[in-house]
Amino acid sequence: MGDVNAKKDSKGKGRKWLLAVLALLLAAVYIALLFLPYPRAVEFPRDSYRVVWSDGSVTEENFASAASLLDGVGENGEILLRRDGLTGSCFDVENVKAAREILEGGELALMLSMDFSLDRLGSAALYHVYGGTLYFDAGDWFAFTGERAELTQIRKAGRVFFTGGDLAASALLSTEASTLIVGDLAEFSYKTIDGTAVTVEGRTRYLTVDGAIVDAELGGSLAAGQPLATQISVPDVAASKLGALLPCKRLVSLDLPFLGSGPVAAGEKFRGELGYLFTDGNAYFVPDTLKRVRVRGGALISFAFYACASLEEIDACGVDPDAIERQAFAGLENLRTLHTPQKDVVLTGEFVSHTAACGCTVYERKEG
Ligand SMILES: [Zn+2]
């Protein structure tokens, strides 16, 4: 019996100890809780965006839905969405307008120092537009990650934004870009795009119109032609740069304010031949595809179409007849039609002529 009681006693002591330890633990937890910071509300990412649609309706979209409908970013920083043929605009995302301006400007220093502070839809929308763009500024390549701009290696990209410095055509080719954006500080010439198949877009200084890329500085000059253009119409500019149309390997038809370097046949630097637009300074590379030229002014020097053997049609209506040399059209063996305000010209082969309504003479090559 004594043994049994002793066992009970020891069991009771064990239980008491256990209770004491539990009580202490509870007290410790309670005290610890007293000193912990008051629990804060957890910040959930925003998940509701107000969208105004082009039919006047307004919807609330969550992030996943809005992100799947992304179509672009507007000038005023509105996020553009597209659904069932409707365009939606979401105006209530902060910092998008400022970020877009920086990304459109493409300046390296500004982009690297920019704190974009975008919410996830703003970030997704800008990445949708600019994520496929590789920026180039004076030797540095950089890109927009969705949250910030980062220096990177040259790589494949849909678009290259040529911000500044001198970009070689070989580098542009290796990006396989289909679009080249030329910023206002870029040292742009035909050399950047010769041998590529890019479509060039300008900003303020470089303007693209009818296949021509015009440098708007100093009265405007023809800087280059679009590589893929089959027809180019150059607006009235003050000058053309040497080799401007070298990138245009598919050119069929060309409309110019003057042949050569400028509208006035004077000065040491004047070059009057059409081939001036197709030379690297060593040789002429006029494409065989070029069949038709219209020239609206300037001067036509002797052998003005030297190295343009494929030409079939020339229209010089509007050029001052006194500025057309007798030998201007000489040597063109494939010429079929010539419209000229100066009747007294030398042609290669036999032609018949008639007078056009404008008073010019039209020469047509004799058949056979
Ligand atoms: Zn005419």
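Two strands count as paired here if DSSP finds at least two bridges between them. By that rule, strand E3 (residues 70–73) pairs with strand E4 (residues 79–83): three bridges join them, and they run antiparallel. The model is predicted. Its chain is divided into domain 1 (45–204) and domain 2 (228–368).

**Sheet layout**
- Strands of a sheet pair through backbone hydrogen bonds, in either a parallel or an antiparallel sense.

**E1 and E2**
- Strand E1 (residues 49–53) runs antiparallel to E2, and four bridges join the two.
- Within this pair, valine 52 stands opposite valine 58 in E2.

**E3 and E4**
- Glycine 72 faces a residue of E4: it stands opposite leucine 80.
- The hairpin of E3 and E4 has five residues between the strands.
- In that hairpin, glycine 77 takes a positive phi near 85 degrees.

**E4 and E5**
- E4 also pairs with strand E5 (residues 86–90), in the antiparallel sense and over five bridges.
- Isoleucine 79 stands opposite cysteine 90 in E5.
- Two residues lie between the strands in the hairpin of E4 and E5.
- Aspartate 84 takes a positive phi in this hairpin, near 50 degrees.

**Domain 1 and domain 2**
- The centres of domain 1 and domain 2, taken over C-alpha atoms, are separated by 41 Å.
- Six residues of domain 1 are in contact with six residues of domain 2.
- On the domain 1 side of this contact, three residues are nonpolar, two are polar and one is charged.

Terms used: Residues are numbered from 1 along each chain as its sequence is written. This is a predicted model: local features need pLDDT of at least 70, side-chain atom pairs count only at pLDDT 80 or more; totals for chains, interfaces and linings use all residues. Domain bounds come from an automatic or database domain assignment. Two residues are in contact if their C-beta atoms, placed from the backbone, lie within 7 Å. Ala, Val, Leu, Ile, Met, Phe, Trp, Tyr, Cys and Pro count as nonpolar, Asp, Glu, Lys and Arg as charged, and the others, Gly among them, as polar.
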